[in-house]
Structures are given as C-alpha cells and as structure tokens.
Amino acid sequence: MTRPFLIVLSLLALTLPALTQQQRAKRQEAVKELRTELRQWFMRDVLPTMSRMHSEYDASLSREDLATLARLRVDAKRLRSQVRADMKSLKGDFERGGRAELRNRLKALREKHREEYMRIVEQVKPIAKRSRTKLRELFDANEEKIEQWRAQSRKIIGDWKDDHDELGLNDRGEGRLPLLGSSDPRKSALRFILWDGTVDESDE
C-alpha cells in the first residue's frame, strides 16, 4: 500500500491491549485477512480506473517534467521501502518495551524520513503547479467514483473491526483510499503524481 493502509494497520496495533502469544497470533491472522480483502478489492475495483487516470496524466506532461517525475517516483518508492523496513523493525521494540517504546520509535521514524520526503515534495511542487489544470480535470471527472472508493474502504475496515471485537477495536476509524490517500486534495494529488503505476504487496 502506499503508506496509507500500512500506517493504518500499524497504528491499529497501538489501540490493542496486551496480548498473550496465542492472542497475538490470532490478531496477526485477522490483520492478514484484512490486507487480503483490501488488496482484492483494490485490484478489482480501483486499479483499472487509477491506471487510466495515471496514463492520461503522464501523457499531458512535458518531456522534461515526465523525466523529472520518473526520477522522483523512484526516490519515493525507495523511501516507502525504507519506511516499511523500519516499521517492521518496530515489532522487536514493541515486544521488548511495550506501547511507550513503540510510540517513541514511531516519532523517531517520522523525523528520520521527513527530510527526504520534503526534498521530494519540493521538487514535485513546480510540476504539480504546471499540471494543476489536468489534475483538477481528472479528479473532477472521477469525483463520484473516488468518493465511492473511500466509502467502500471505510466499510471494509469497519466490517473487519466489527467481526473482531475481541481485538478491542471499538471505533470504526477512517478508511483511507489507497494511492489517493486522505480526503485532503493536496495530499491526494501528491500521492497520485508520485505513483509509478505499479502495485506491489504494500501498495494496495
């Protein structure tokens, strides 16, 4: 998943009570179930339209901007891979130090990657400004479908929580749309621009 669902799933762990080894295994299986359902939904209902929008956007760019974006997309994907690796490292911290240590590590990781993220963002801004008419056209044309995706992602996560009351997840949370991210239009546009058009295990 671009970071949205990966971070959502990671932060869900912060809301869980201390678990025995058996309970932890049950929780991990439940999270795997959620990831599988989200991926299947994304590949079936979201990706075809997203790919079409992405191709149309890239075709509207100048050769220079497209070359710059190709480089920045590689950088962004590398950064996401590093974030995923660091998130995995949190497991050991949680087992050794509990929630307080996990929260401290999460804060440290955000600071660690912020500088690189902002470097990428600053280089994307001029391209986003030059292509904002096309971006607005694409998002406006697909606004209804995007809202349907957001509603469906919230439903999937909400139903999953309802089916796993034993995990202590009482709120339904905020479903986020893969790739488009949150409902903030600027963040959505940034995620869309930096997407390289591929989907790996952590992008749905």
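Predicted model: local features only at pLDDT ≥ 70, side-chain atom pairs only at ≥ 80, totals over all residues.
Biologist: How is a pair of aromatic rings described?

Modeller: A pair of aromatic rings is described by two quantities, the distance of the centres and the angle of the planes.

Biologist: How many aromatic pairs does a search of the whole structure find?

Modeller: The search finds 2. One of them joins tyrosine 57 and phenylalanine 192, with 5.8 Å centre to centre and 65° between the planes. Planes over 60 degrees apart count as edge-to-face, and this pair is edge-to-face.

Biologist: Which helices hold tyrosine 57 and phenylalanine 192?

Modeller: Tyrosine 57 is in helix α2, residues 21-59, and phenylalanine 192 is in helix α6, residues 185-194, so the pair ties together parts that are 135 residues apart in sequence.

Biologist: Is tyrosine 57 buried or exposed?

Modeller: Buried, because its relative accessible area is 0%, and buried means under 20%. Phenylalanine 192 also has 0% relative accessibility and counts as buried.

Biologist: What aromatic pair do phenylalanine 139 and phenylalanine 192 form?

Modeller: An edge-to-face pair, with 5.7 Å centre to centre and 85° between the planes. Phenylalanine 139 lies in helix α4, residues 132-141, so its pair with phenylalanine 192 of helix α6 ties together parts that are 53 residues apart in sequence. Both phenylalanine 139 and phenylalanine 192 are buried. Ring pairs link Tyr57, Phe139 and Phe192 into a cluster.

Biologist: Where do nonpolar side chains tend to be in soluble globular proteins?

Modeller: They tend to be buried together. In this model the largest nonpolar core has 39 residues. Among the members that touch the most other members are Trp41, Tyr57, Ile120 and Phe192. Helices α2, α3, α4, α5 and α6 each supply at least two residues of this core. The largest share, 14 residues, comes from α3.

Biologist: Which side chain makes a polar contact with the side chain of histidine 113?

Modeller: That of aspartate 86, at 2.7 Å. Histidine 113 is in helix α3 and counts as buried at 9% relative accessibility. Leaving out residues up to four places away in sequence, histidine 113 touches Leu79, Gln82, Val83 and Asp86.

Biologist: How does lysine 155 count at 45% relative accessibility?

Modeller: Lysine 155 counts as partly exposed. The residue lies in helix α5, and the side chain of lysine 155 makes a polar contact with the side chain of aspartate 159, at 2.7 Å.

How values were computed. Residues numbered from 1 in each chain as written. Heavy atoms only, no water. Phe/Tyr/Trp six-rings, centres within 6.5 Å; stacked < 30°, edge-to-face > 60°. Helix = DSSP H or I, 4+ residues; strand = E, 2+ residues; numbered from the N terminus. Buried < 20%, exposed > 50% of the residue type's maximum accessible area, 1.4 Å probe, protein only. Core = buried A, V, L, I, M, F, W, Y, C linked by side-chain atoms within 4.5 Å. Polar contact = N/O pair within 3.5 Å; in protein donor to acceptor, adjacent residues only side chain to side chain. Contact = heavy atoms within 4.5 Å.
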